[in-house]
Amino acid sequence: MNSLPPFDPAKSGLSAPEFSRMFDIRQLPDKPLVLEPDADERAGLAARFDIVRIETMRGEVVCARDGAAVNASGRLIAQIVQACAISGEDLAVAIDEPLVLRFVPARAVAVEEDEIELDADALDEIPYEGSAFDLGEALAQSLALAIDPFATGPDADRVRRAFKLDAPEPSGPFAALAALKRDTPQKDA
């Protein structure tokens, strides 16, 4: 069996993602694939996702060919630190997500006038060119989707109260009517 040389983004003219792991569909192993970014890759991903840092990240994936497509399933486990959406303080977050991915050959680009309708299954498909797909980038994108941009820490309620963010003052015409009703003495019936 001929082996393909490793993917070299510099030779392809493409810029490489921070966590790229290319796999050839013709040479998929029978055992689960374990992918873990190194410290530099984690730092690059943290910068891309605008979080403080990624402490650990591990994907364990089983890949199976389905014709020209590849079905991949497994788990993504990560420990990240992100800023609390309210206080801005560091917030440790554990991520444990199931993975269900489907890599399919890239299709020809549709003409702009053509309307494209996708069914629910097509939304989870990741296109690839040639005979190799990037499982590392798919895991990175899965991590990005698992990060809650509005996560709050234990100090969030105190900060909300201190900056009067907990309940906005009513405004508009109904608020004015409510204020008039409050300020108007009521007659006893």
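**Fold, sheet and helix packing in the predicted model**

Among contacts in the protein chain between residues at least 6 apart in sequence, 61% join residues at least 24 apart. The model is a predicted one. The chain has 189 residues, and 28% of them count as buried. Its secondary structure comes to 5 helices and 7 strands. From the N terminus on, these elements run α-β-β-α-β-β-β-β-β-α-α-α.

Strands of a sheet pair through backbone hydrogen bonds, either parallel or antiparallel. Two of the pairings here involve strand 3 (residues 53-66) and are antiparallel. Strand 2 (residues 33-35) pairs with strand 3 over 3 bridges. In this pairing, V34 has E60 of strand 3 as its bridge partner. Strand 3 also pairs with strand 4 (residues 69-83), over 13 bridges. Within that pairing, G59 stands opposite L76 in strand 4. R65 has V70 of strand 4 as its bridge partner. Strand 3 and strand 4 form a hairpin with 2 residues between the strands. In this hairpin, G67 takes a positive phi near 70 degrees.

Helix 3 (135-146) also packs against helix 2 (residues 39-49). The angle between these two helices is about 45 degrees, and their axes lie 11 Å apart. Angles under 35 degrees count as roughly parallel, and those from 65 to 115 as roughly perpendicular. Helix 2 and helix 3 are therefore oblique to each other. Their crossing is right-handed. On the helix 2 side, the contact involves L45, R48 and F49. On the helix 3 side, E137, A140, L143 and A144 take part. By class, this contact has 5 nonpolar and 2 charged residues, and no polar ones.

A138 is found in helix 3. Its relative accessibility is 6%. Buried means under 20% relative accessible area, so A138 counts as buried. Leaving aside its neighbours within four places in sequence, A138 is in contact with L101, F103 and I126. The C-alpha atom of A138 is separated by 9.9 Å from that of R102. Along the chain, A138 and R102 are 36 residues apart.

F150 is found in the loop between helix 3 and helix 4 (156-162). Its relative accessible area is 65%. The cut-off for exposed is over 50%, so F150 is exposed. F150 and I86 are 64 residues apart along the chain. Their C-alpha atoms are separated by 8.2 Å.

Note on methods:
Residues are numbered from 1 along each chain as its sequence is written. This is a predicted model: local features need pLDDT of at least 70, side-chain atom pairs count only at pLDDT 80 or more; totals for chains, interfaces and linings use all residues. Side-chain values use heavy atoms; hydrogens and water are left out. Helices (H or I, at least four residues) and strands (E, at least two) are DSSP runs, numbered from the N terminus. Buried means under 20% relative accessible area, exposed over 50%, partly exposed in between (1.4 Å probe, protein chains only). Axes are lines fitted to C-alpha atoms, for helices over the stretch in contact, and angles run from 0 to 180 degrees between N-to-C directions. Angles under 35 degrees count as roughly parallel, over 145 as roughly antiparallel, 65 to 115 as roughly perpendicular and the rest as oblique. A crossing is left-handed if the near helix is turned anticlockwise from the far one by less than a right angle, and right-handed if clockwise. Contact means heavy atoms within 4.5 Å. Ala, Val, Leu, Ile, Met, Phe, Trp, Tyr, Cys and Pro count as nonpolar, Asp, Glu, Lys and Arg as charged, and the others, Gly among them, as polar. Two strands pair if DSSP finds at least two bridges between them.
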